[in-house]
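Open the model in your viewer and keep the selection tool ready.

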Amino acid sequence: MTTAADFTETELVVCAAAKMLAHSNTVFAGIGLPTLAVDLAHRTLNPDIQLVYESGVAGAHPESMAEGIADSVVVSGAEAVVNMHALFGYVLQGGNVDVGFLGAAQIDRFGSLNTTVIGDWDSPKVRLPGSGGAADIMANAGEVFVILRRHDPAALPSELDFVTSASPVRAAEHPDFIQPRGFGVSTVITPLGILRRKDRLGELELTHVHPGVTSEQVWEQTGWDLVVSDDLSVTQEPTAEEVRLLRDEIDTVRLYLR
Amino acid sequence: MDSDTVVSLPHAVEKLVNAGDTIALEGFSHLIPFAAGHEIIRQGITGLTFCRMTPDLLSDMMIAAGGIDRLVCSFFASGSAGSLYEVRRRIESQDPAPLPVEEYSHHAMTLRYHAGAARLPFAPISSFVGSDMPGINPDIRAVVDPYTGKKIHVVPPLNPDVTIIHAQRADRKGNVQIWGIAGVQQEAVYAADKVIVTVEEIVDDEVVRADPNRTLIPAHAVDAVCVVLTGAHPSYVQGSYDRDNAFYREWTPISQDPARLREWIDTHIRGTKDHEEYLDAIGRDRIAALRMAPRPSGSVDYGRRPDASTERSSR
């Protein structure tokens with residue numbers, strides 16, 4: 001496999017995510033970079049992967065690039081469309097989703113996510129979109145992948161402004177409750193590197209730095225005392241074939257590749 | 001009875017939607033009942049509690065128009081348009097007035113409609129252990145599971161005074177057929193006291209009865225059916241017209257500017273008599289360009305008992 005002559009940060013992140021989907025069966029994803037990652041995994045490492053959208057579509061075969069999770073092109077030709085009660089109740093809470101993709105404004109060291117507010121909920125500085133399906137995905141997906149668009153102490157703070165989607169570590173602080181089934185966040189891909197959690201009740205560790213980035217830089221840009229893995233490695237660069245697939249076959253209109 | 005069910009949209013809204021009501025307008029990206037929301041704005045109905053999983057552009061319009069006092073939802077943005085700036089102004093700077101918000105997750109909203117439809121006292125959900133959401137929403141509570149002795153969160157039933165949805169078609173009795181993304185419409189309809197369904201067309205009874213599995217909403221749950229062609233614009237109707245994606249992108253600068261947003265509402269909603277005039281204001285060429293190419297389903301065979309027809313005809 002030859003490494004691509006040139007690649008963007010987005011392409012590096014998408015290819016890294018795709019490689020981690022090699023052994024997943026069912027992936028719950030929003031539109032954007034996760035869709036590209038699932039499509040790329042499907043074409044390279046995992047022809048059996050199935051994409052589930054929160055709109056109720058399973059096994060979409062869009063004839064053109066979808067502009068949303070409920071775009072008409074994800075419905076036409078799909079393998080199944082179920083209503084939202086079945087999707088969130090049976091498909092997701094019932095334990096049929098291996099990997100859920102989430103974005104977030106903030107993530108903490110145990111992988112809890114904030115997508116609700118910056119500042120106080122009562123008088124927010126910035127009102128964010130809220131949970132949508134995020135809290136449901138965190139509790140019920142086998143594991144959660146997070147793609148962050150920035151890596152700095154504001155996005156990775158020591159304490160979240162608001163916990164929208166709680167990691168199993170936080171859930172475990174309430175032992176009188178039935179515990180969520182999911183592992184929580186297993187993988188965080190940022191513009192600087194990759195963070196992973198090995199244990200369900202453990203914390204994130206830096207496992208990969210992107211080419212040209214040092215672990216010290218990542219540590220400085222993280223709002224807590226980030227643990228660096230003993231077997232820290234450099235993120236594999238995209239191959240020429242992966243970049244060709246992304247540009248010439250998957251996102252030909254450059255909707256998400258920028 | 002038939003003529004009582006099929007009415008004009010202005011008539012249905014006037015008769016069934018009252019000031020101070022709790023109303024649900026559902027449709028997940030697909031089949032959003034925009035025309036009905038616009039009619040509520042035209043009629044100047046106020047004091048409403050507005051329930052909608054993903055508020056979308058429709059809530060930006062209805063909140064800016066001044067009729068909404070409270071928002072019940074699970075997401076505060078539009079998938080492709082991004083932020084809803086009227087909603088953000090109301091929440092971040094109480095401009096022009098505060099907007100009380102009751103927020104849930106998608107699954108929680110789905111379960112609220114489900115509990116409402118089934119007239120259950122609550123529905124259990126496993127999404128909130130360790131989350132701050134129960135802390136800001138006193139209606140997300142916990143009960144002890146009588147079987148394991150452990151606690152689980154519950155959400156209350158949501159029973160709107162009126163639920164409004166849009167659909168591909170219905171018959172004259174009000175049997176409603178939907179295909180494509182069906183979201184939470186069945187639950188939201190059964191949860192409500194009164195139901196208005198806007199449709200692209202009224203079809204003969206035989207069309208519905210040829211494919212009864214496609215009837216998501218039986219007539220007994222429906223109070224009014226209104227024919228509103230292109231009634232989901234700028235959202236879409238599977239098999240008919242596609243989403244007006246350009247409209248969603250153009251919404252951002254309109255939504256960002258309060259004066260421009262109010263001017264847009266005055267011109268396109270208050271300044272038009274009905275949905276036909278709204279479509280004129282949007283531009284007929286633009287609407288025509290959204291038409292989908294056909295991709296019909298294969299048909300299924302429901303069969304019939306071979307002797308049933310002969311027996312009946314011989315009686």
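Select B:G20. This residue is exposed, because 11 other C-beta atoms lie within 10 Å (20 or more would be buried, 12 or fewer is exposed, in between is partly exposed; C-beta atoms are placed from the backbone). B:G20 sits in the loop between α2 (9-16) and β1 (22-25) of chain B. Helices (H or I, at least four residues) and strands (E, at least two) are DSSP runs, numbered from the N terminus. B:G20 and B:T49 are 29 residues apart in sequence and 7.1 Å apart in space, C-alpha to C-alpha.

The model is predicted: local features need pLDDT of at least 70, side-chain atom pairs count only at pLDDT 80 or more, and totals for chains, interfaces and linings use all residues. Residues are numbered from 1 along each chain as its sequence is written, while chains are lettered from A and ligands numbered from 1 in the order in which they are written.

Next, select α4 (residues 84-93) of chain A together with α6 (106-117) of chain B. Their axes come within 9 Å and cross at roughly 120° (axes are lines fitted to C-alpha atoms over the stretch in contact; angles run from 0 to 180 degrees between N-to-C directions). α4(A) and α6(B) are therefore oblique to each other (under 35 degrees is roughly parallel, over 145 roughly antiparallel, 65 to 115 roughly perpendicular, the rest oblique).

Which residues of α4(A) and α6(B) make the contact? Show A:M84, A:H85, A:F88 and A:Q93 of α4(A), then B:H106, B:H107, B:T110 and B:H114 of α6(B). Contact here has C-beta atoms, placed from the backbone, within 7 Å.

Conventions:
Contact = placed C-beta atoms within 7 Å.
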